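Please view the sequence and the structure together while reading the points below.

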Amino acid sequence: EPVERFYEYLDRARTARDTRRRLQNDGRLPAEWDAENAWAIVSIKAFDGAARVFNKMRREAISAERDPALSAEEKRRRMDEISRNMTARARELVSAADVVRRGGAAPAVLTEEPVQGGSRAAAGGAQGTAAGEGPSWAR
């Protein structure tokens with residue numbers, strides 16, 4: 001499951017970030033530490049941003065599920081869309097982190113600024129994200 005791997009990588013990246021800060025503050029940060037943990041250092045900002053977007057998406061899914069005005073079909077459609085978008089974004093970030101872990105250059109998805117609270121992939125593409133359109137987590 002890509003989302004499970006995403007959260008495993010997020011935890012590892014956060015641990016690496018915190019360890020790096022502690023070592024740096026103590027004046028004990030060896031150069032080889034950065035090389036061994038480069039994927040986490042490069043990935044943390046993108047992973048943290050995606051985690052925030054995923055939380056918004058989950059709240060949106062819960063809200064849809066609890067909305068008595070929505071039909072069962074509409075609830076299922078919204079929840080499926082959210083699940084597809086989360087899975088796509090998680091797969092994209094994990095794949096990019098794997099490139100760096102294998103010694104490759106960081107793909108743009110790890111270094112570019114997020115688009116209004118997440119990537120276009122997390123927001124379901126460019127469609128439906130204009131002012132007031134689409135789900136709230138995509139704005």
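A charge is taken to sit over a ring if NZ of Lys or CZ of Arg is within 6 Å of the ring centre and within 35 degrees of the ring normal. In this predicted model, the charged end of Arg101 sits over the ring of Trp39, at 5.0 Å from the ring centre. Trp39 also belongs to a cluster of aromatic residues linked by ring pairs.

**Aromatic residues**

- The count of aromatic pairs comes to six.
- One of these pairs is formed by Phe6 and Phe54, with a distance of 4.9 Å centre to centre and an angle of 55° between the planes, and it is tilted.
- This pair links distant parts of the chain, since Phe6 lies in helix α1 (residues 2–25) and Phe54 in helix α3 (residues 38–66), 48 residues apart.
- Phe6 and Phe54 are both buried.
- The cluster linked by ring pairs consists of Phe6, Tyr7, Tyr9, Trp39, Phe47 and Phe54.

- Met86 is located in helix α4 (residues 72–101).
- Is Met86 buried or exposed? Met86 counts as buried because its relative accessibility is 8%, and the cut-off for buried is under 20%.
- Leaving aside residues up to four places away in sequence, Met86 touches Val3, Phe54, Met57 and Arg58.
- Phe54, one of the residues that Met86 touches, is also the partner of Phe6 in the tilted pair.
- Between Met86 and Met57 the C-alpha to C-alpha distance is 8.0 Å, although the two are 29 residues apart in sequence.

**Geometry of helix α3**

- At Ile44, α3 bends by about 50°.

**Salt bridges**

- Side chains of opposite charge can pair when their charged atoms come close.
- The count of salt bridges in the model comes to eleven.
- Asp26 and Arg28 meet through their side chains in a salt bridge of 3.4 Å, N to O.
- Asp26 counts as partly exposed because its relative accessibility is 46%.
- Glu74 forms a salt bridge with Arg77, in which the closest N and O atoms are 2.7 Å apart.
- Arg77 and Glu74 are three residues apart in helix α4, and are therefore separated by about one helical turn.
- Glu74 also forms a salt bridge with Arg78, with the closest N and O atoms 2.7 Å apart.
- Glu74 and Arg78 both lie in helix α4, four residues apart, or about one turn of the helix.
- An α-helix has 3.6 residues a turn, so residues three or four places apart point the same way.
- Glu74 counts as partly exposed at 22% relative accessibility, Arg77 counts as partly exposed at 43%, and Arg78 is partly exposed with a relative accessible area of 30%.

Terms used
Residues numbered from 1 in each chain as written. Predicted model: local features only at pLDDT ≥ 70, side-chain atom pairs only at ≥ 80, totals over all residues. Heavy atoms only, no water. Phe/Tyr/Trp six-rings, centres within 6.5 Å; stacked < 30°, edge-to-face > 60°. Helix = DSSP H or I, 4+ residues; strand = E, 2+ residues; numbered from the N terminus. Buried < 20%, exposed > 50% of the residue type's maximum accessible area, 1.4 Å probe, protein only. Contact = heavy atoms within 4.5 Å. Bend = angle between axes of the 7 residues up to and from the residue. Salt bridge = Lys/Arg side-chain N within 4 Å of Asp/Glu carboxyl O.
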